[in-house]
Amino acid sequence: MYEFGVKGFYDKSRLKSEYDAIVIGAGIGGLVCGAFLAKAGKKVLIAEQHSMPGGYCTSFKRKGFIFDSAVHHIGGCGRWSIVGRCFSELDIDLDFHHLDPMDNIVFPSRSVEIPADIDEYSENLQNQFPAEKENIAKFFKEFTKLYWSIINNKAHSALIEKYNGVTFSETLDNFFADPQLKSILGGQWGYLGSLPNEVSTIGMCQMLINYLKDGAYFPVGGSQKFANAILKRFIDLGGEIILSSMVEKILLDGDKAAGIALKDGQEVLAGTVISNVDAKQTFHELLPTKVNGNFAAKLNGMQESASFFLLYLGVDSEIDLSKLKRGFYYPSDGPFTKDNWKYISVPTKVDQTLAPDNKQIIFSLVALDKEYDDITDWDDLKKKLTESTIDYLSEFAPGLRDHIEVVDAATPKTLKRYTLNSKGAPYGWAVTNDQTGANRLQPTTPFKGLYLAGHWTNPGPGIASVVSSGWRVANIILKEEKQ
Ligand SMILES: Cc1cc2nc3c(=O)[nH]c(=O)nc-3n(C[C@H](O)[C@H](O)[C@H](O)COP(=O)(O)OP(=O)(O)OC[C@H]3O[C@@H](n4cnc5c(N)ncnc54)[C@H](O)[C@@H]3O)c2cc1C
């Protein structure tokens, strides 16, 4: 099975000239879609430009340390939740660590622990904010109902209509008066990259309830294991994958998908093509025909989610990391600003197999104060942020610099290079009201036989959502075929 850097049996010479379906990109949305189609007996090919499967859900190894490139935990891996149900349908067996507490929110004046259980969290908050007791209970009840409407794709549910176009700040203001309570409930906005006064209630609900109700999980051995497990099942079901294989064009027959052309010029035919890649790339670069009208106008007006700087540290076993909690670190008690916050985790506290000899890993995600297009000197940005982030971490882990054995870092440009997500967007389109739910791109496109799976389409970003997207697209394809 695929492990770091081992290409094994992915041999282009075995390619057939035609498949039932071709998936462009081996991100999690693409892998899941491919696996469900293969399970239905389809001949499926996945073409991936990188040498590893998983997109943002990959790991890399340096001096014995296994670093997760981007994804640091996954929502909904329990038996009855999205990932759990998907794995059970596909007969995938993977071990997870259940994270409890699931997160912390660290403000200068206080630190709040978020338990991995919605009822416990609600009760804790009710005890801390007795004047808001009833409102807190109502909030969680309503959000749980809204969550299931979103997940079950009930586009016309009264609850979805109620929250369509409503920002999370507006929702918090409608439920609560206490500013501290609102800061805590809004404190995980960083998972979607848009401030509470920009992020859609629907997007926040999906993310929050997914983590609280279904739990947050860490795949044993790191996030690459998650991608590998789906890929292995895809291959066992008869699917084929080619790595290091850039798709350069989607072939069309009139306005219908007809296959792909690889960068080396090889053409492979299929009447069904699923794009798991950046939506702008799909419509502006891969398709030979320009999209017109309302679809083009919508696409051109859409905004990517803001990207991050990432720091990966491998440290020796002597350092005391007890003060570093997994979660969000804010520079002030509020209001939130877009830049200057961090997400920090020490994955080896959850899974010691990621580092040798009881050594530790520190991962830090840092929000940027500049837009992608305004950054001119990426090396300088990387150097400065590496130094300032190590300084910041040293406040919680005194003497940190003397214990570092491996330092690596990624900028938005690095994220773009490895995944081709435009501007290194971590979550596809920003999760704002005009780009969420029915306003996000849909899985079907103006071209017959061409579908989208992944975080540029519904239901949106995050592993649980793209699992849902890949599964949903496979169902749409199989259903359309029967009609
Ligand atoms: C820093 C960071 C932290 C995150 N943390 C979390 C987290 O903790 N939990 C969570 O749930 N989510 C997290 N996310 C979000 C999550 O990782 C993404 O929403 C999700 O992984 C996107 O999956 P996808 O299926 O859309 O594909 P992607 O991961 O975007 O993969 C797309 C794939 O397509 C390939 N590709 C692109 N163009 C071509 C081409 N022309 N030909 C062939 N292949 C191509 C790419 O190489 C890539 O493998 C994080 C994201 C980032 C960046």
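Helices (H or I, at least four residues) and strands (E, at least two) are DSSP runs, numbered from the N terminus. The structure is a predicted model, in which local features need pLDDT of at least 70, side-chain atom pairs count only at pLDDT 80 or more, and totals for chains, interfaces and linings use all residues. Residues are numbered from 1 along each chain as its sequence is written.

**Exercise 1. The shell around the ligand**

Determine which helix gives the largest share of the shell around the ligand, and describe the make-up of that shell.

Step 1. A residue is near a molecule or strand if its C-beta atom, placed from the backbone, lies within 6 Å of it. Around the ligand there are 40 residues, and those that come nearest are Gly-25, Gly-27, Gly-29, Gly-55 and Gly-454.

Step 2. At least two residues of the shell are supplied by each of α1 (28–39), β5 (74–75), β15 (308–315), α13 (412–419) and α14 (463–482). The largest share, three residues, comes from α1.

Step 3. For the classes, Ala, Val, Leu, Ile, Met, Phe, Trp, Tyr, Cys and Pro count as nonpolar, Asp, Glu, Lys and Arg as charged, and the others, Gly among them, as polar. The shell then has 22 nonpolar, 17 polar and one charged residues.

**Exercise 2. Domains**

State the domains of the chain and describe how domain 1 meets domain 3.

Step 1. Domain bounds come from an automatic or database domain assignment. This assignment gives domain 1 (12–95 + 220–303 + 425–482), domain 2 (100–214) and domain 3 (308–410).

Step 2. The centres of domain 1 and domain 3, taken over C-alpha atoms, are separated by 30 Å. Contact between two residues requires C-beta atoms, placed from the backbone, within 7 Å; 12 residues of domain 1 are in contact with 15 residues of domain 3.

Step 3. On the side of domain 1 that touches domain 3, strand β4 (residues 65–68) gives the largest share, four residues. This side has five nonpolar, four polar and three charged residues.

Step 4. The ligand involves both domains: domain 1 and domain 3 each give at least three residues to the shell around the ligand.

**Exercise 3. The seven-stranded sheet**

Give the strand order of the open sheet of seven strands, then follow β7 within it.

Step 1. Strands of a sheet pair through backbone hydrogen bonds, either parallel or antiparallel. Two strands are taken as paired if DSSP finds at least two bridges between them. The order is β8-β7-β16-β17-β18-β15-β19, and the pairing is mixed.

Step 2. At the edges are β8 (111–114) and β19 (404–410), each of which pairs on one side only. Neighbouring strands of this sheet are turned by 20 degrees against each other on average, direction ignored; the axes are lines fitted to C-alpha atoms, for helices over the stretch in contact, and angles run from 0 to 180 degrees between N-to-C directions.

Step 3. β7 (residues 103–106) pairs with β8 in the antiparallel sense over four bridges, and the two strands form a hairpin with four residues between them. In β8, Ser-111 stands opposite Val-106, and Ile-114 is the bridge partner of Asp-103.

Step 4. With strand β16 (residues 327–329), β7 pairs in the parallel sense over two bridges. Here Val-106 stands opposite Tyr-329.

Step 5. A residue is buried if 20 or more other C-beta atoms lie within 10 Å of its own, exposed if 12 or fewer, and partly exposed in between, with C-beta atoms placed from the backbone.

**Exercise 4. Backbone exceptions**

Locate two cis peptide bonds and two residues other than glycine with a positive phi.

Step 1. Most residues other than glycine have a negative phi, and most peptide bonds are trans.

Step 2. The bond from Asp-100 to Pro-101 is cis, with omega near 0 degrees; Pro-101 is in the loop between β6 (96–98) and β7. Asn-458 and Pro-459 are also joined by a cis peptide bond, with omega about -5 degrees, and Pro-459 lies in the loop between β20 (450–452) and α14.

Step 3. Asp-91 has a positive phi near 65 degrees and lies in the loop between α2 (82–90) and β6. Asp-91 counts as exposed because it has 11 C-beta neighbours inside 10 Å.

Step 4. Asn-358 has a positive phi near 60 degrees and lies in the loop between β17 (342–345) and β18 (360–367). Asn-358 counts as exposed because it has 10 C-beta neighbours inside 10 Å.
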